Amino acid sequence: MSSTKPVEIRIIGKTYGIQYTSGAPLDDDNIGELDPDKQKITIKKGQPLETEQDTFLHEIIHAIDHELNIGLREKQVRALATGFLAALKDNPKLVAYLRRKNAKP
């Protein structure tokens, strides 16, 4: 299993760059940020692994929300990220199942 942190991710057909930083554009209280105009996600370095993963999913959900113009509130984004992370960690075969495609006839 790879432990390499992603440096880009595809979201609704667009490639978002991932930056890990301990400084700007993040302030002291901000552990993640989405810049949809630059298609960039910034994640604060030095977080515990599960916090960093939750932050990563949180920013992905913000990007999906932006791309699809859903209008999620911050509380909803936070809950979805935490819930998805728990579901993925508690069900290790789920990702493989979701990635499956129909066999060609």
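Me: Which residue is the bridge partner of Glu8 in E2?
Reply: That's Gly17. Before we go on, this is a predicted model, where local features need pLDDT of at least 70, side-chain atom pairs count only at pLDDT 80 or more, and totals for chains, interfaces and linings use all residues. Residues are numbered from 1 along each chain as its sequence is written, and side-chain values use heavy atoms, with hydrogens and water left out.

Me: What makes E1 and E2 a pair of strands?
Reply: Two strands pair if DSSP finds at least two bridges between them. E1 and E2 are joined by four and run antiparallel, so they meet that rule. In their hairpin, which has two residues between the strands, Ile12 takes a positive phi near 50 degrees.

Me: And what makes something a strand or a helix in the first place?
Reply: Both are DSSP runs, numbered from the N terminus: helices (H or I) need at least four residues, strands (E) at least two. On that basis the chain has three helices and four strands, in the order β-β-β-β-α-α-α from the N terminus on.

Me: How do you know that E2 and E4 pair, and which way do they run?
Reply: Five bridges join E2 (residues 14-21) to E4 (residues 40-44), and the two strands run parallel.

Me: What about E3 and E4?
Reply: These two pair in the antiparallel sense, over four bridges. Gly32, for one, has Ile43 of E4 as its bridge partner. Their hairpin has four residues between the strands, and there Gln39 takes a positive phi near 50 degrees.

Me: Why are strands E1 and E3 called edge strands?
Reply: The four strands form an open, mixed sheet in the order E1-E2-E4-E3. E1 (8-11) and E3 (32-35) each pair on one side only. From one strand to the next, the twist averages 25 degrees.

Me: How do you know that the length of H1 is what it should be?
Reply: The expected span is 1.5 Å times one less than the number of residues. For the 20 residues of H1 (residues 49-68) that should be 28 Å, and the end C-alpha atoms are 29 Å apart, so the two agree. Just after H1, Asn69 takes a positive phi of about 50 degrees.

Me: Why is H1 called oblique to H2?
Reply: Angles run from 0 to 180 degrees between N-to-C directions, with axes fitted to C-alpha atoms over the stretch in contact. Under 35 degrees counts as roughly parallel, over 145 as roughly antiparallel, 65 to 115 as roughly perpendicular, and the rest as oblique. The axes of H1 and H2 (residues 74-90) come within 8 Å and cross at roughly 125 degrees, which makes H1 oblique to H2.

Me: Which residues make that contact?
Reply: Contact means heavy atoms within 4.5 Å. Among them are Leu57 and Ile61 of H1, along with Val77, Phe84 and Leu88 of H2. The contact residues divide into eight nonpolar, four polar and five charged. Here Ala, Val, Leu, Ile, Met, Phe, Trp, Tyr, Cys and Pro count as nonpolar, Asp, Glu, Lys and Arg as charged, and the others, Gly among them, as polar.
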